[in-house]
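Here's a quick tour of a protein model, written for someone who would rather look at side chains than read tables of scores. Have the viewer open as you read.

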Amino acid sequence: MAENQDGQEKSEQPTAKRLNEAKRKGQVARSKELNTMAITLIGVIFLATTSSQLGGGLQALMKTSFTLSRDEIFDIGTLFTHLSAAMQDAFILLIPFFVLMIVVAIASSIALGGFSISAEALTPKLSKLSPAKGLKRMFSAKALVELLKAVAKFVLIGGATAILLWNTLDSYLNLHGMEFQQALPKLGSLIGWSVTLLASTLILIAAIDVPFQLWEHKRQLKMTKQEIRGEMKETDGRPEVKSRIRSLQREMAQRRMMEEVPKADVIVTNPTHYAVALRYDQGSMSAPKVVAKGADLVAANIRRIGLESDVPIVESPVLARAIYFHSELGEAIPAGLFLAVAKLLAYVFQLRVYRTDGGDIPQVPDELPVPEDLRHD
């Protein structure tokens with residue numbers, strides 16, 4: 001198991017923060033075998049499938065380049081003009097191939113670890129020039145793996161070449177009995193498909209190397225338990241910062257709560273220490289809900305907003321304390337308080353009728369039935 005400089009075991013998987021930092025430094029998973037396989041295989045397939053067009057173009061180019069008059073042969077300036085034109089035509093003919101190779105090279109490079117450009121990775125480091133570290137890299141486990149991969153590639157490609165030659169030897173030998181015009185396309189076809197099959201063997205090497213590079217990348221980024229704790233501490237921030245964040249969160253929650261007070265049907269008070277705002281919509285609620293509650297200064301703010309919004313305020317110390325201590329903000333009141341709150345809401349609805357239509361002033365309920373187990377002195 002890998003260890004850091006302090007001798008601690010790197011047994012923990014890298015965190016998202018560690019992975020992002022590594023990517024910013026240019027430390028991402030890369031597979032040279034995947035890159036080599038993609039470029040070689042796609043390049044060979046492209047050349048094999050477009051050989052007739054490329055061959056025709058090159059044939060026309062060669063014919064034009066070598067069809068010279070006697071005066072042109074002895075004119076050095078004309079020869080250079082022909083050479084320049086031939087090189088330009090050849091480049092134009094091969095532009096699709098070059099563009100394809102550039103695209104494949106970029107795509108295969110970023111397929112494994114994603115797109116990453118890091119100035120830090122490009123910065124020269126004197127530590128890389130250290131002979132001691134160079135020797136250490138030469139005899140490291142990674143160097144051994146690279147050596148084994150090179151031997152495996154040699155054995156695999158060499159064996160595939162031997163098998164391919166054994167099976168196509170007769171086809172090559174039969175070419176000598178053909179006319180040149182017939183033998184040349186046949187030879188091109190044999191070489192094209194032979195190289196394509198040989199390039200296909202690189203798929204096996206890439207299929208082994210890609211998982212290994214992903215595993216090796218994760219292994220190099222593994223962290224110790226101490227590093228995990230340090231990162232968590234750094235992420236959470238200093239105590240004073242956390243305290244400030246909690247304070248802001250409380251202020252925001254309290255501000256949202258105060259915005260609900262004008263929507264309440266009634267505010268029950270202690271009368272000064274506690275205040276609870278209740279709301280009940282018969283069509284959408286199965287029971288009255290606590291929309292705001294607080295003690296001392298918060299209670300005073302609830303009462304102030306209630307007065308400004310013309311919300312009825314009823315003094316009932318026992319009921320106010322029972323709701324405050326046994327109900328959660330935004331939740332329905334306990335079932336044991338249904339009867340007491342129902343009587344309170346009946347008074348509120350009667351008060352609304354009085355304010356609208358007049359008549360007798362409703363009496364504030366004196367005693368509201370609060371069960372003993374919900375009382376809080």
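What follows goes from the overall fold to the cores, the charged pairs and the aromatic rings.

**Ground rules and overall fold**

This is a predicted model, so local features need pLDDT of at least 70 and side-chain atom pairs count only at pLDDT 80 or more, while totals for chains, interfaces and linings use all residues. Residues are numbered from 1 along each chain as its sequence is written, and side-chain values use heavy atoms, with hydrogens and water left out.

The chain has 14 helices and 4 strands; these are DSSP runs numbered from the N terminus, with helices being H or I of at least four residues and strands E of at least two. Of its 377 residues, 29% count as buried. Here, buried is under 20% relative accessible area, exposed is over 50%, and partly exposed is in between, using a 1.4 Å probe and protein chains only. The chain exposes about 25000 Å², and carbon and sulfur atoms supply 62% of that; the areas come from the Shrake-Rupley method with a 1.4 Å probe, and for residues only the protein chains shown count as cover.

As for contacts (heavy atoms within 4.5 Å), take the ones between residues at least 6 apart in sequence: 72% of them join residues at least 24 apart.

**The annotated spans**

An unreviewed UniProt entry puts "transmembrane region" at residues 34-54, 90-122, 143-166 and 190-215. UniProt positions are given in the numbering used here, feature names are shortened, and annotations may be inferred rather than shown by experiment. In the model, residues 143-166 are 100% helix and 0% strand, with the end C-alpha atoms 34 Å apart. Residues 190-215 are also 100% helix and 0% strand, and there the end C-alpha atoms lie 39 Å apart.

**The nonpolar cores**

Which residues touch the most other members of the largest nonpolar core? They are Leu-278, Leu-319, Ile-323, Leu-337 and Val-341, out of 22 residues in that core. A nonpolar core is a set of buried Ala, Val, Leu, Ile, Met, Phe, Trp, Tyr and Cys residues joined through side-chain atoms within 4.5 Å. The elements giving two or more residues to this core are β1 (266-269), β2 (274-279), α13 (317-326) and α14 (338-357). Of these, α14 supplies the largest share, 7 residues. Apart from this core lies another, of 14 residues, with Met-258, Ile-267, Ala-277 and Val-291 among them.

Helix α13 deserves a click. Its buried residues include Leu-319, Ala-320, Arg-321, Ala-322 and Ile-323, and the buried residues of α13 pack against β1, β2, β3 (289-295) and α14. Zoom in on Leu-319: leaving aside neighbours within four places in sequence, Leu-319 is in contact with Val-268, Leu-337, Ala-340, Val-341, Leu-344, Leu-368 and Val-370.

**Charged pairs**

Side chains of opposite charge can pair when their charged atoms come close. The whole structure has 7 salt bridges, each being a side-chain nitrogen of Lys or Arg within 4 Å of a carboxyl oxygen of Asp or Glu. Here are some of them:

| Arg-219 | Glu-216 | 2.8 Å |

Arg-219 and Glu-216 both sit in helix α9 (residues 180-220), 3 residues apart, about one turn of the helix. Arg-219 is partly exposed at 31% relative accessible area, whereas Glu-216 is buried at 8%. Lys-263 is partly exposed at 46%, and so is Glu-260 at 28%. Arg-304 and Glu-308 share helix α12 (residues 297-308), 4 residues apart, again about one turn; Arg-304 is partly exposed at 41%, while Glu-308 is exposed at 59%.

**Aromatic rings**

The structure holds 7 aromatic pairs. Rings of Phe, Tyr and Trp (its six-membered ring) pair if their centres lie within 6.5 Å; planes under 30 degrees apart are stacked, over 60 edge-to-face, and the rest tilted. Phe-212 and Trp-215 make a tilted pair, 6.0 Å centre to centre with 35° between the planes. Both lie in helix α9, 3 residues apart.

Tyr-274 and Phe-325 form an edge-to-face pair, 5.4 Å centre to centre and 70° between the planes. Tyr-274 belongs to strand β2 and Phe-325 to helix α13, so this pair ties together parts 51 residues apart in sequence. Tyr-274 is buried at 18% relative accessibility, and Phe-325 is partly exposed at 33%. Elsewhere, ring pairs link Phe-46, Phe-91, Phe-97 and Phe-98 into a cluster.
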